[in-house]
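Here is a short note for a colleague who is new to this structure. Please read the points below with the model open.

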Amino acid sequence: MEPHAEMVHWMFATCLLLLGLFLLAEAVVGPEVWARRAWRPYLWPGLAFTMGIFMWPVMAFYTNSAIHMYAHGSWAQVLMLAGGAELGLVHGRLQSRWWRLTMPLAFAVTGIAFLVHEQNTWYFARSAFLHHVLGWTFLGAALIPLGLVFKPRAIALQSSFAVTFFVLAAMLYCDRDIAPIFGHLSPLAGIPHR
Amino acid sequence: MSSTYVRSLPAARTRRSRRAQVISLLGPATIAAGFLWALLQPYRLTLLHPMHQGFWWLVTEPPLLVMVAGVIFALVVARPLLVDLAETEQ
């Protein structure tokens with residue numbers, strides 16, 4: 001009854017796509033218009049926090065090694081931390097802008113976790129390739145939320161942040177459990193199921 | 001005096017309309033991207049061959065998920081946001 005791992009990737013990709021759309025819309029209209037309805041500023045931090053919550057069952061049900069458990073567990077923690085910090089800032093419970101450092105931290109931890117928990121080489125299979133690409137993309141893109149800590153109203157950084165989520169979503173949508181990448185598929189990977 | 005207003009209004013309107021245009025396009029563009037993907041890779045749509053497919057294969061179909069994200073954004077976020085944007089700009 002459990003969905004395949006690739007399906008979980010697609011569901012998280014959809015959440016990332018929505019996150020990107022919310023962030024891009026906020027960047028286009030500006031924070032004042034975005035905050036004209038009380039619920040709207042909670043939208044993307046709430047979604048990030050919810051993704052963190054749903055990462056726990058992923059950790060519990062898709063653990064095929066200790067390193068997978070650590071990777072998914074650390075994602076769940078940093079996603080909830082970053083989403084929770086943004087929720088606190090939106091609500092006014094948190095005042096210091098340094099709480100926004102939780103987002104680059106989440107990106108960095110996610111990137112490292114992607115790279116560490118992928119045990120195979122780049123061209124082993126498509127999922128291995130994408131895990132390497134996603135890891136390095138998350139690590140590099142951590143600079144964008146880091147820049148937003150110091151320049152929160154920079155349109156270029158806000159837009160880049162949103163577009164980053166589109167790119168990450170596209171990569172996750174490309175994920176298949178067993179599929180070739182640029183014609184390469186290790187015989188050890190198994191037989192593609194469809 | 002009147003020339004000042006005449007000069008400033010069109011520029012402001014253009015800026016406003018561009019923001020509104022971008023917001024109103026985001027949802028349909030996402031839906032169109034999902035639709036295009038479905039055309040390019042129809043084998044990723046399990047609904048086209050639904051017999052003997054499990055629950056998850058019928059629920060998680062990437063091109064449809066992209067379209068659903070576009071619909072959610074257009075209806076839940078973009079529509080009220082456009083109203084607020086118009087009110088702010090007035």
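1. Helix 4 (residues 66-91) of chain A and helix 5 (residues 102-117) of chain A pack at an angle of about 170 degrees, with axes 9 Å apart. Axes are lines fitted to C-alpha atoms over the stretch in contact, and angles run from 0 to 180 degrees between N-to-C directions. Helices are DSSP runs (H or I, at least four residues), numbered from the N terminus. Helix 4 of chain A is therefore roughly antiparallel to helix 5 of chain A (angles over 145 degrees).

2. This is a predicted model: local features need pLDDT of at least 70, side-chain atom pairs count only at pLDDT 80 or more, and totals for chains, interfaces and linings use all residues. Residues are numbered from 1 along each chain as its sequence is written, with chains lettered from A and ligands numbered from 1 in the order in which they are written.

3. Where do helix 4 and helix 5 of chain A meet? Helix 4 of chain A brings residues including Trp75(A), Val78(A) and Leu79(A), and helix 5 of chain A brings residues including Leu105(A), Ala106(A) and Val109(A). Contact means C-beta atoms, placed from the backbone, within 7 Å.

4. Chain B has three helices and zero strands. From the N terminus on, its elements run α-α-α.

5. The chains touch: 19 residues of chain B are in contact with 18 residues of chain A. On the chain B side, helix 3 of chain B gives the largest share, twelve residues.

Note on methods. Contact = placed C-beta atoms within 7 Å. Helix = DSSP H or I, 4+ residues; strand = E, 2+ residues; numbered from the N terminus. Parallel < 35°, antiparallel > 145°, perpendicular 65-115°, else oblique.
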